[in-house]
Amino acid sequence: MSEHNDVGRLALPFLAPAVIFMTVTLAIPSVFTLIVSFTSWSGPGDELSWVGLRNYVGLWSSNAFRTSFLNTFVMLVVGGLGVFLVVFASLIGLRAMRGAAFVRSAVFVPVIISPIAIGVAFGFLLNPNGGVNQLLHALSLDGLRRAWLSPDVVFQVIIVGLIWSVSGYYLAIVATGVDQIPPYLYEEAELAGASKVQQFWMITLPLSWESLSVAIVLWIISSMKTFEIVIAFVGSQSVPPVQARTAAVQQYLATTGGADGNPQLAYASAIGIVLFLLTSVLVILVRRILRRDKVELS
């Protein structure tokens, strides 16, 4: 027991700075945000007044928040399916491909590009006289030409842009697990007549499950707070159209005041608390669903 206490006393000076830093920068602001969410407050200089659950009730009566909340879930599910389809297809196609390391690096390149640069590039390609419509015209497919950044289709375009820009990141995470799989397992599967897809389901997926689980959890967290790429796509507009907003964008507009310039920090705090709770529940639920015994190689 005395040895354990000695170790604790020795570790305390090393832990104290981290504990103090996390308390000051994370715990205290989080508690303050929770308190503010039950008040009416527009920011420094305004008086805090207790309103109870009014902000939370107001969220569900707001068409803008309901739309942004639904968009966030669509991005989580549809974007996630797209991202991991790209990841799985890449793992199947690149495993025995010559130059696979180079291709994997190329797929990762969009991850290191600024979202603003991505938005500008897509804006150049997707404007009414941009590259996409010009290509469709050259192919005599004028019926497919669209105003791709108009409010009614811009959110679908944003999802495609998000899938393109982040798939390399999740591929890199999952590939770290795949790289640990012994090559002889694939050789034996090929001798047994297994196809590439069968090898993926029987070997790659089970033996890289841990890294895949981590990637899925990271995707949930990231997609629930999607912000930059939306602003990048619709940045030329003073306020993103409701059809393109995510919950994080709606929170940003409430914080800055949006078009009318009247900040609603208490309302924004309520959005932040809802997102935090929902993300926590989803992460815990997904972790339980994905939990399984580790596959051991004999």
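## About the model

This is a predicted model, in which local features need pLDDT of at least 70 and side-chain atom pairs count only at pLDDT 80 or more, while totals for chains, interfaces and linings use all residues. Residues are numbered from 1 along each chain as its sequence is written, and side-chain values use heavy atoms, with hydrogens and water left out.

## Two charged pairs

Side chains of opposite charge can pair when their charged atoms come close. A salt bridge here is a side-chain nitrogen of Lys or Arg within 4 Å of a carboxyl oxygen of Asp or Glu. By this rule there are two salt bridges.

One joins Arg145 to Asp142, with 3.4 Å from N to O. Arg145 is partly exposed at 29% relative accessibility, and Asp142 is partly exposed at 38% (buried means under 20% relative accessible area, exposed over 50%, partly exposed in between, using a 1.4 Å probe and protein chains only). The other links Lys196 and Glu190, whose closest N and O atoms are 3.6 Å apart. Lys196 is partly exposed, with a relative accessible area of 38%, and Glu190 is partly exposed too, at 41%.

## A look at Thr39

Is Thr39 buried or exposed? Thr39 is buried, with a relative accessible area of 4%. Leaving aside neighbours within four places in sequence, Thr39 is in contact (heavy atoms within 4.5 Å) with residues including Leu48, Trp50 and Ala266.
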